[in-house]
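Work through the exercises below with the structure open. Try each task before reading its solution.

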Amino acid sequence: MYTLVKGTHDIILKEASKYSYVEGLLQKIAESFGYKEFRTPIIENTELFARSSGESSDIVRKEMYTFMDKGDRSISLRPEGTAGVIRCMVNEKVFINQDYPVKAFYCGPNFRYERPQKGRFRQFNQFGVECCGVTSPYRDAETIILGYDSLMFLGFKNLTLKINSLGDDETRTNYCNALREYFKKYVDNMCDDCKERYKTNVLRILDCKVDEDRKIIENAPKIQDFYSDATKDSFNKIQEFLKLQNIPFEIDDTLVRGLDYYSGVVFEYHYTTKSGLNVGAIGAGGHYGKLIPELGGPNIEGVGFAIGIERVVSVLEDDNLLDNHDDPLDTYIMPIGENNFSKALEIANYLRVNGYSSDVCLENKGVGQMFKKAERRDALYALILGDDEVKNNTINLKNLTSQEQKNIKLDDLLKTLDHLFGEDDDCDDDCCKHE
Ligand code: HAM
């Protein structure tokens, strides 16, 4: 037996269909907002993440899976999707060839060497969007609304949307100066991470989770006192727009986010289940002013977010908001005797190309055993095919819920199934009348 790598998990069977359902729905909603899919590699040059997420971020300092490849290049498994998508947009000249804003969505695994706990894995899946090329508070608000609507569509009620603004350059320069001044007298007694943050990115200190440090952080200067006029104007417009769209939110001035590329508005979606399960933010994002030029693109800005699929599935399950999305098997074909296997396969293929899922028992079992198998596979209908049926070009169709069984002509099989599955409303042939 080989065990799983710590912090990873298998996603199989019914659980996997829940993931597909959630990802599929998020994709459809993003498409309805005009987003197009981007698929980028899971490995990138380490430099990309150091440059984008920031040398001072926990992600780059402690959490990346980095290795030297056989060509002596430093490679990292992606810890998040934004950097790779922007790199791809620049490389593929999307900013030259496409109309603005360029709207991308993506989905897939990410890797962070974090302490595994409920809702926190070392390999986890994200669905994310990036909207690049237009700088407008309304685009920021639209992106926040997309995330909110997507989660509401999935069944979340009473989401808490937290927003903050990290301001423009002027705001952050003044604020960081004030923070450096404030923390100067405390930093020697703070945790080692904070000592490091003080030197590399003082804003990061606000993200510290150590209790003793939190007490000091509580009295630190507040960013809103340093907002430039442009920041105030833009943040007010976002709030007004959210109110007009009836999106409830709260302002959280401690929200700084764990990645260095943000400027302007940042946001997180939180949710606590009825049983009190809180897995942290289920989705989060923000505006980035410098990331695109830093990665070699034009001087344009972007905004985006990512939703953690593991967290979504886990809280939806906890609140019973995720029904069984595992599609049942439409038909299970039961050939009696090996000499009828070939005909059974032929019928199965015919049904599959006509849109019905179908499986065949090719194990030479007795009828009773085949019925048990059909039941275990959640089949809706059994199709029993013996020598007489093959000779007469008929088949026995049994509804496995009502147990009703009838013998029908093979030529009528598709018509009958269409009727039973509600695909053929005005069929008035004999085959359908007795249902
Ligand atoms: P993030 O806040 O690091 O942002 O991650 C987004 C979401 O991914 C989190 O809210 C959480 O649901 C999920 N997540 C993060 N880490 C883990 C983990 N270890 N296990 C399970 N789920 C996790 C970003 O990644 C940014 N790229 C979002 C963004 C896009 N900003 C702009 N565009």
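This is a predicted model: local features need pLDDT of at least 70, side-chain atom pairs count only at pLDDT 80 or more; totals for chains, interfaces and linings use all residues.

**Exercise 1: α1 against α12**

Describe how helix α1 packs on helix α12.

Solution. Start with the geometry. Two packed helices are described by the angle between their axes and the distance between the axes. Helix α1 spans residues 13–32 and helix α12 spans residues 309–318. Their angle is about 110 degrees, and their axes are 10 Å apart. Angles of 65 to 115 degrees count as roughly perpendicular, so α1 is roughly perpendicular to α12. The crossing of α1 past α12 is right-handed.

Next, the residues. From α1 come E15, K18, Y19, V22, E23 and L26; they meet I309, E310, V312, V313, L316 and E317 of α12. This α1–α12 contact has seven nonpolar residues, five charged and no polar.

**Exercise 2: α1 against α6**

Which residues of α1 and α6 meet, and at what angle do the two helices pack?

Solution. Helix α6 is residues 137–153. α1 and α6 pack at about 140 degrees, with axes 10 Å apart. The two helices are therefore oblique to each other. Their crossing is right-handed.

L25, L26, I29 and A30 of α1 meet L146, S150 and F153 of α6. The α1–α6 contact divides into six nonpolar residues, one polar and no charged.

How values were computed:
Residues are numbered from 1 along each chain as its sequence is written. Side-chain values use heavy atoms; hydrogens and water are left out. Axes are lines fitted to C-alpha atoms, for helices over the stretch in contact, and angles run from 0 to 180 degrees between N-to-C directions. Helices (H or I, at least four residues) and strands (E, at least two) are DSSP runs, numbered from the N terminus. Angles under 35 degrees count as roughly parallel, over 145 as roughly antiparallel, 65 to 115 as roughly perpendicular and the rest as oblique. A crossing is left-handed if the near helix is turned anticlockwise from the far one by less than a right angle, and right-handed if clockwise. Contact means heavy atoms within 4.5 Å. Ala, Val, Leu, Ile, Met, Phe, Trp, Tyr, Cys and Pro count as nonpolar, Asp, Glu, Lys and Arg as charged, and the others, Gly among them, as polar.
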